[in-house]
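Subject: Structure handover

Hello,

Here is the structure for your files. My notes follow directly below it.

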Amino acid sequence: MDLLRFTTAGSVDDGKSTLIGRLLYDTKSILQDQYEAIERSSARRGKNGVDLALLTDGLRAEREQGITIDVAYRYFSTPKRAFVISDTPGHEQYTRNMVTGASGAELAIILIDARNGVMTQSRRHGFIASLLQIPHFVVAVNKMDLVDFSEARFEEIRREFAQFVGRLNVDSVTFIPISALDGDNVVEPSERTPWYDGATLLHHLETVKVGAARNTVDFRMPVQLVARPNQDFRGFSGEIESGSVSVGEDVLVLPARTASKVARIVTFDGDLERAQAGMPVTLTLEDEIDASRGDMIVRARNVPRLVHRLDADVCWMSETPMKLGTSYIIRHTTRTAQAAVDTIIYRTNVNTLHREEAATLKLNEIGRVELDVSVPLAIDPYRINRRTGCFVLVDPATNATVAAGMIRGEGQDVPAVDEPYEESSRPHVSPNVTWE
């Protein structure tokens with residue numbers, strides 16, 4: 001069965017948690033005791049009827065304030081597809097939580113309150129979702145019951161957001177008028193929107209193309225563990241992050257570029273002739289080579305870049321502002337090394353999408369930076385391979401994650417914000433080579 005991971009985004013009180021609760025309830029994905037528990041909790045809070053948002057807002061602070069603070073994950077399935085939902089906060093203060101929850105999603109549901117229209121936070125989350133290379137957007141115009149299911153209001157919001165999202169890199173955008181509280185156009189079509197002839201939200205989730213964000217071409221397997229149960233066996237264990245590999249293929253172990261061939265693909269259930277992305281395996285090689293945790297096994301004819309300098313977009317997640325030249329710990333796949341931010345190229349104003357000069361990045365700010373790394377990293381651009389194109393920065397003093405990053409490529413002293421950046425100006429590029 002296909003698996004779709006999707007996330008919700010939007011401004012505060014747009015109804016994200018209520019929508020997820022409605023999906024779970026209408027698809028019969030909650031147990032009787034769960035329903036009875038939220039029924040009692042709703043009654044204690046003086047709610048009229050059952051507050052379905054309580055299915056995801058489990059923290060006491062969330063229930064007291066009526067907002068989402070932490071990322072909540074929920075799972076459900078239909079006969080056609082299985083789903084993993086990440087319910088992310090809408091408040092600007094918790095932008096970092098939204099980045100965390102949306103990082104593995106293939107579809108983003110951006111909720112917009114029909115009364116308020118497109119808010120600043122709606123644009124912010126749309127930009128972040130595009131930065132995370134989420135290919136599909138569903139713009140759910142919620143609370144249509146509070147504007148009498150006005151077609152004119154829906155069209156006004158659709159035009160405004162379509163104009164904004166046209167500046168982003170998104171494969172598809174679908175607009176659906178809904179009422180999460182009453183269930184209109186969530187699972188079943190609504191009789192109160194005769195002017196809308198599109199699919200319901202659940203039908204769209206069941207039929208949208210999945211796998212667009214997965215890299216099935218470039219074989220990458222970071223080594224997690226060297227398995228040595230006895231003197232007759234030595235293998236390299238890890239999860240295949242992208243692509244596939246077969247017995248007998250020529251491989252390289254990076255960063256040493258040691259060449260060998262795959263002798264066996266060992267799993268708990270027995271040997272395989274071929275393994276693909278998402279599978280945990282142990283590879284044995286024909287040659288006795290030196291490799292350890294943090295190294296990466298790749299196909300000999302398809303090798304990622306080995307770089308000491310990164311050009312990346314980062315979301316700053318720490319209350320302590322970024323300090324240029326300060327040593328941080330970078331975690332990229334299974335590799336851990338030291339890194340320092342050398343240059344802030346620009347900070348992105350996520351409300352206007354304008355690029356601004358900046359001397360630092362503060363909590364929840366997003367910018368483009370260049371980092372120096374103490375050891376070579378085997379990287380792919382994030383837009384090509386999410387798994388080898390992302391990293392986190394950790395404060396060595398507190399062990400707290402201070403930033404999440406999406407790699408653009410090798411750092412090459414990109415010009416400042418007020419200078420045009422042309423591909424032809426990049427060093428180390430052969431003539432007649434163009435970027436696609």
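Glu410 forms a salt bridge with Arg305, with the closest N and O atoms 2.2 Å apart. A salt bridge here is a side-chain nitrogen of Lys or Arg within 4 Å of a carboxyl oxygen of Asp or Glu. Glu410 sits in strand S23 (residues 401–410) and Arg305 in strand S17 (residues 305–316), so the pair ties together parts that are 105 residues apart in sequence. Glu410 is partly exposed at 27% relative accessibility. Arg305 is partly exposed too, at 45%. For these labels, buried means under 20% relative accessible area, exposed means over 50%, and partly exposed lies in between (1.4 Å probe, protein chains only).

This is a predicted model: local features need pLDDT of at least 70, side-chain atom pairs count only at pLDDT 80 or more, and totals for chains, interfaces and linings use all residues. Residues are numbered from 1 along each chain as its sequence is written, and side-chain values use heavy atoms, with hydrogens and water left out.

More on salt bridges. A search of the whole structure finds 24 of them. Arg123 and Glu160 form one, at 3.1 Å from N to O. Arg123 lies in helix H5 and Glu160 in helix H6 (residues 151–165), so this pair ties together parts 37 residues apart in sequence. Arg123 is partly exposed at 21% relative accessibility. Glu160 is partly exposed at 31%.

Arg192 also forms a salt bridge with Asp182, the closest N and O atoms being 3.2 Å apart. Both residues are in the loop between S6 and helix H7 (201–207), ten residues apart. Arg192 is partly exposed, with a relative accessible area of 41%. Asp182 is partly exposed at 41%. Separately, salt bridges that share partners join Arg309, Asp342, Glu370 and Asp372 into one network.

Now the fold. The protein has seven helices and 23 strands. Helices (H or I, at least four residues) and strands (E, at least two) are DSSP runs, numbered from the N terminus.

Two strands pair if DSSP finds at least two bridges between them. Strands S4 (residues 107–113) and S5 (residues 136–142) run parallel and are joined by seven bridges. Leu107 stands opposite His136 in S5.

Contact means heavy atoms within 4.5 Å.

Overall totals next. Of the 436 residues, 53% count as buried. Among contacts between residues at least 6 apart in sequence, 69% join residues at least 24 apart. The accessible surface comes to about 20700 Å², of which 46% belongs to carbon and sulfur atoms. Accessible areas come from the Shrake-Rupley method with a 1.4 Å probe; for residues, only the protein chains shown count as cover.

Last, the cysteines. The count of disulfides (cysteine sulfur pairs within 2.5 Å) is zero. Cys315 is buried at 2% relative accessibility, and Cys390 is partly exposed at 31%.

Best wishes
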